Each structure stands twice: as structure tokens, then as C-alpha cells.
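Keep the viewer open as you read.

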Number of protein chains: 2
Amino acid sequence: MEIFEFIKKSPLFGGAEDLYVGLHAKQEVFEKGARILAAGDFCRRVGAMLEGGADVIREDANGDPVTVAHIGEGEMFAEAFAFAGVPLSVSVQASQRCAVLWLDAQSLLAEPRLAANALKIFARKNVFLTERIEHLSRRTLEAKVLSYLKSARRTAGTETFRVPFDRQGLADYLGCDRSALSAVLSKLKKKGVLDFHKNAFRIL
Amino acid sequence: MEIFEFIKKSPLFGGAEDLYVGLHAKQEVFEKGARILAAGDFCRRVGAMLEGGADVIREDANGDPVTVAHIGEGEMFAEAFAFAGVPLSVSVQASQRCAVLWLDAQSLLAEPRLAANALKIFARKNVFLTERIEHLSRRTLEAKVLSYLKSARRTAGTETFRVPFDRQGLADYLGCDRSALSAVLSKLKKKGVLDFHKNAFRIL
DNA sequence: TAAAATCCGTTGTAATTACAACGAAAATAG
DNA sequence: CTATTTTCGTTGTAATTACAACGGATTTTA
């Protein structure tokens, strides 16, 4: 992906190519397996994955590394840490040879339109994260599922709605086992609370 | 709380009183029980609680209202919705007679220093929320607890550290039952994985 | 200081869930 | 079209957790 293609597609720039000047952007190439960012680092730059991809890695309770997310082409990363000024709690490692564009957080801030875009992006993400926490905080899986589905229905605005996850994806989102999720969905269907087919749901 | 006292203490203003001019701020008083904001509303203003307090209310799976948070004196609210431009998913209701200062989001955005402060606040919150999701996503309560405690230790930077919650607070944060949390903590202590006394913990 | 309220660990029980394994259905690849 | 892979619901079991109840300890209030 070219720099200008990225800028065109990135919600941070909103397609405005002229905002790119004066950002002190630097491009850097990482070989497969290379450490792009390490947990504990302070990072003052926002990363943009131009080419290739990387994994976000966190230590689990045993101290073993677990991949918690993947950064694909065209995606930004480390933005929250860069703007918050707190050390990274995760590491980022190239899952293949990749090209990263680094954008200096301070310089982004200096351009009002970019700052406004960034603010909106963060605010949106905040709302999403808070919503997910709301679902995850429920005590039982059934409550988690219903909390999520009602939220999805509200977002869709229609009685019948589709969810953007397959079963495994929904299970990951809700922090549960896939088969347990399937079982709960079936139970709700049998109880007559819910109807669904594939990713299309309807709450009765 | 006076307006200027709020501005002095608010991280949004960073103590800079001069930033307050031109914000089209309005003050409004609500009687106890009055609806300050309703779920579904679009809100273009950030609320600041000058006097009194309010509850954040969400509908649970049965459609019954549940208080999910409290807004105390000096706290801001609705900021994420205002900047994101998405409808509220919660309602806000005065728990007592209260005075709210409304700050127009667009006007805040127009002052670069305020925008920068807001960005930092959102970025920080983003990191916190993501971290909490990390804990909540664990499958078992033991894993949730350890995930949280390791994170707390990392933040504290010392082997023995204190957590800013009582047991009920920690249970709420981790989305579990208080007695179940106590039981898991005791089990971990007996296993020799953990030592604690009140809010002081040490991972062995 | 005494009384009241809150905090916290324990116990027992019923319900829930993780986990592994399996097979049918659907999607994808060849 | 057939073979392969992926997705998803089901089942059974062991482990975990919610929930209610209780009592001791600590803290707060009067």
C-alpha cells in the first residue's frame, strides 16, 4: 500500500492528502519475526501498517506470550499509547515482512483537522470499548449474549439484524467458549426468547 | 462548586482559566429525579457536574433500569458520545438536585490546547478500558484475578502493591461475585501463588 | 465507649461453563 | 462435481461460579 493510498483510506486523514505535510513521517521495514514495539516502551509515534502485517502480543498469567490481535494492512496501531504517553502493555511483532509508517503524535496534534479526526476516532472507540465491557461484565453467559444482541439490534435499528461475527468471533468478543455459546443460543431459541439462522438474529 | 473551581481542577482545562472564553457554556439546574439525558439522544455537549450528582442508567436484559455508574461533583460525562456523534446508550438522571455546566463539543475542538487535552484524556481512558477488557475476557475467575493483579503490579512497579478497590469493587471491576472472588483469592493464597492482606498483594 | 454498619472470608447447593470430542452441514478448493 | 476444510450444534463430564446465608472482624457513627 502506498503512503497516499493509506492517507486516502485512513479515517485519521479523512482523505485529505495535504494534511500529510510537516508530519515528520518515517517509513521503516521490518523482517518477519522482528520486534516492532516492546512492552514497557514509551512510543511517541502512531504506527500505520502500509504493507504486510503484525501480531499484538501480551503475556498471559503464566508469563507465556499470547497473540491478542492482528494488525493488517492499512490499520493503525499504538495510537492510544502514543497519545496517552503511557508505556506499552503489549508487544508488536512482524508476522511477515512489513512496512510501517511512523507518524509523530505531537505533529499530528499540531494540525487542527487531524486532532479533530483523532478525537472522534478515540471517542468512537471509547464508546465501543465501554459497550463491550458492559456485555463482558454480566455474570452469566446468557446475560452476556442477550446484552450483546440487544445492543446489536439497537445499532441495526431493525427487528431482524445480522451480527458481524461468526460463532468463534462472537465467543471471543464475549470472552467465552464457542460451544458454550452455541449451547446458550440453542437454549434461548428453544425457550422462545430468540430466533436465529446463521448470523441473522431476532429477539422475540 | 464554582465554574472556575471546576476549571482549575479539570484535566480538560489543565487549570488554564483563559481557555473558558468562547465556549458557549451554559449552566442548567436539575431537580432530584429529573432526566438529564435520555438513551437514544444525540448530545453535542459535554456535561460537567458542578453541584450534586447523577446516576448513569442502562436497561438490563429484562428491560429493567440498572444504575451502572454515578457522576459525582467535578466529574464530566457524556464526553465520548458528544465527540463520537453517536446516540447515547445510557440515560442520566439526577440523584439529587444538581447543577450541570454544558460545554459545546465543537467549541472545545476549536481551541487547540483543549483539543489536545481531550485527546490525551480519551487516549488514557482507551488504554484503561482495553486493559479491563483484557482481564474480563479471561475464561476463569482465577485467570481474571491474576491478569488484573499482574497488571496492577506492573503499574505499581513494586513487588508488594495496593489495589484501589475493596473486595466488592474488585468484584465489580472483574464482573464476578464478591464471595466467589474471596474464595479464589483464598485458594491462590493456599496454593502459595499469592499473598495478600486487605488491599496489599504480592505475587509469589 | 457502645451500637450500628460495613467488610470479608467461609460454606453449601444449584446452576453454569469450560473443555474435549464428534458428526452433520456448509463453504471452499481443486 | 468431488474432496477438503471450516463452521456449528450437540453431548458428557469435570470444574467453576453464582447465589444466599452466616459470623467474625473492622470501621464508622452516635
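Predicted model: local features only at pLDDT ≥ 70, side-chain atom pairs only at ≥ 80, totals over all residues.

The report below goes from the domains to the protein interface and then to the DNA.

**Domains**

In chain A, the domain assignment gives two stretches, with domain 1 covering 3-129 and domain 2 covering 139-203. Taken over C-alpha atoms, the centres of domain 1 and domain 2 of chain A are 31 Å apart.

**Where the two chains meet**

Let us turn to the contact between the protein chains. From chain A, 42 residues are in contact with 42 residues of chain B. The buried area between chain A and chain B comes to about 3,700 Å², and carbon and sulfur atoms contribute 62% of that area.

Charged and polar pairs can be counted here too. The rule finds 2 salt bridges across the interface of chain A and chain B. In a salt bridge between A:Arg58 and B:Glu134, the side chains meet at 3.4 Å, N to O. Between chain A and chain B, 9 residue pairs are in polar contact, both residues being at pLDDT 80 or more.

Which elements of chain A supply at least two residues each of the side that touches chain B? They are strand S4 (54-59), helix H2 (79-84), helix H4 (112-136) and helix H5 (141-156). H4(A) provides the largest share of that side, 18 residues. By class, the side of chain A that touches chain B holds 20 nonpolar, 7 polar and 15 charged residues.

**Around DNA strand D**

Of the atoms of DNA strand D that come within 4 Å of the protein, 68% belong to sugar and phosphate.

Both chains supply helices to this surface: helix H7 (178-191) of chain A, along with helix H5 (141-156) and helix H7 (178-191) of chain B, each give at least two residues. H7(A) gives the most, with 4 residues. The surface near DNA strand D is made up of 5 nonpolar, 6 polar and 7 charged residues.

| Side chain | Atom of DNA strand D | Distance |
|---|---|---|
| A:Arg178 (N or O atom) | base nitrogen | 3.1 Å |
| B:Ser179 (polar atom) | base nitrogen | 3.4 Å |
| B:Lys198 (N or O atom) | sugar or linking oxygen | 3.3 Å |

How values were computed. Residues numbered from 1 in each chain as written. Chains lettered and ligands numbered in written order. Heavy atoms only, no water. Domains from an automatic or database assignment. Near = heavy atom within 4 Å. Polar contact = N/O pair within 3.5 Å; in protein donor to acceptor, adjacent residues only side chain to side chain. Nonpolar A, V, L, I, M, F, W, Y, C, P; charged D, E, K, R; others polar. Contact = heavy atoms within 4.5 Å. Buried area = accessible area lost by both parts, 1.4 Å probe. Salt bridge = Lys/Arg side-chain N within 4 Å of Asp/Glu carboxyl O.
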